[in-house]
Amino acid sequence: MKFIHITDVHLVGDNGGLNGTVPSMRLDACLTDVVQWHSDASFCVISGDLAEFAEPKAYQALKMRLRSFPLPCFLMIGNHDNRAVFQKVFPEHPKDSNCYVQHRFEKNNCVFLFLDTKKEGHGVHEGQLCGDRLDWLKQQLIQAKDQPTFLFLHHPPFDIGVPYVDKIRLQDVEEFAATIKYGQNIRHVFYGHVHRMTYVSWRGVPFTSLPSLNHQIPLNAASVQGEFCDEPPAYGVVQIEDDQLTVHYNTFLQRNPLHQT
Ligand SMILES: [Fe+2]
């Protein structure tokens, strides 16, 4: 089976610009590319930072676009999002019994668990998995038994060597590490937040992240002017087989022949 991973869309109300680009245009180009080349995917997930300033208009812009997008699309929230505003615009989106934006999806015997690492508070950017959220995860992992299981987080529980994001990673690291031990067959963890493509093996578990659809964080802050860099956006095309998992980083704006007129 195949699914699409998108992260850190950072939409701005009224289709506004952000850090030199227009997030809604990037999202449109991405969704169009997915529909054109990967409409056979089983689902799409957007792993948080849906909106830059969490305005209702930004979430409404996302909702409007997803209405005509043919794949089931699971949404997660990140540090830039506001859970209450998101849930007001997307009241039908699945949530757990404590109203966190967490849910389980199952297909072809694979279990997909979408987690909510948003920590409440204005200007708070680090991640949190409180006891209630970790209890939910524990129960899901126990229930999954030995089924192939895939986790989705916004914030990673580790440093990647980029201070800008390392200082705002997930805070509840040991609690998360203890909880995932209940998983008998966690095959992979997908995350966002760092605005870079990475592969990380953490305590024996493989993780991958993607560039943001809008702006990237430089590997070395001294290598660019300003906070962000113009490395290309990408979405992930993930292929899952019994004995293999493949992640393609699809830099959809760079398929030159298709964009030449
Ligand atoms: Fe982000």
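This is a predicted model: local features need pLDDT of at least 70, side-chain atom pairs count only at pLDDT 80 or more; totals for chains, interfaces and linings use all residues.
Six strands form an open sheet in the order β4-β5-β6-β7-β9-β8, and their pairing is mixed. At the edges stand β4 (103-107) and β8 (198-202); each has a single partner strand, so one side of each is left without a neighbour in the sheet. From one strand to the next, the twist averages 20°.

Let me take one pairing in detail. Strand β7, residues 186-191, and strand β9, residues 205-209, run parallel and are joined by three bridges. Phe190 has Thr208 in β9 as its bridge partner.

Across β4, β5 (110-114) and β6 (149-153) lies helix α4, residues 131-144. Its direction is at about 180° to β5.

I turn now to the core. The largest nonpolar core has 53 residues, and Leu50 and Phe152 are the ones that touch the most other members. What does Phe152 contact, leaving aside its neighbours within four places in sequence? The contacts are Val45, Ser47, Met76, Leu113, Phe114, Leu115 and Phe190.

Next, helix α2. Residues 56-67 make up this helix of 12 residues, which reaches 17 Å from its first C-alpha to its last, close to the 16 Å expected at 1.5 Å a residue. Its buried residues include Ala58, Tyr59, Ala61 and Leu62. Viewed down the axis of α2, the buried residues fall within an arc of 155°, so they line one face of the helix. Among the elements covering them are α1 and α3. On the face turned away from the buried side, α2 carries the exposed residues Met64 and Arg67.

Two individual residues remain. Not counting residues up to four places away in sequence, His10 touches Leu18, Pro23, Asp49, Ala51, Glu52, His80, Ser212 and Asn214. The C-alpha atoms of His10 and Val22 are separated by 9.4 Å, with the two residues 12 apart along the chain.

Ala84, by contrast, belongs to helix α3, residues 83-89, and counts as exposed because it has 10 C-beta neighbours inside 10 Å. Between the C-alpha atoms of Ala84 and Val35, which are 49 residues apart along the chain, the separation is 30 Å.

Conventions: Residues are numbered from 1 along each chain as its sequence is written. Two strands pair if DSSP finds at least two bridges between them. Helices (H or I, at least four residues) and strands (E, at least two) are DSSP runs, numbered from the N terminus. Axes are lines fitted to C-alpha atoms, for helices over the stretch in contact, and angles run from 0 to 180 degrees between N-to-C directions. Two residues are in contact if their C-beta atoms, placed from the backbone, lie within 7 Å. A nonpolar core is a set of buried Ala, Val, Leu, Ile, Met, Phe, Trp, Tyr and Cys residues joined through C-beta atoms within 7 Å. A residue is buried if 20 or more other C-beta atoms lie within 10 Å of its own, exposed if 12 or fewer, and partly exposed in between; C-beta atoms are placed from the backbone. The expected span of a helix is 1.5 Å times one less than its number of residues. The arc is that of the directions from the helix axis to the C-beta atoms.
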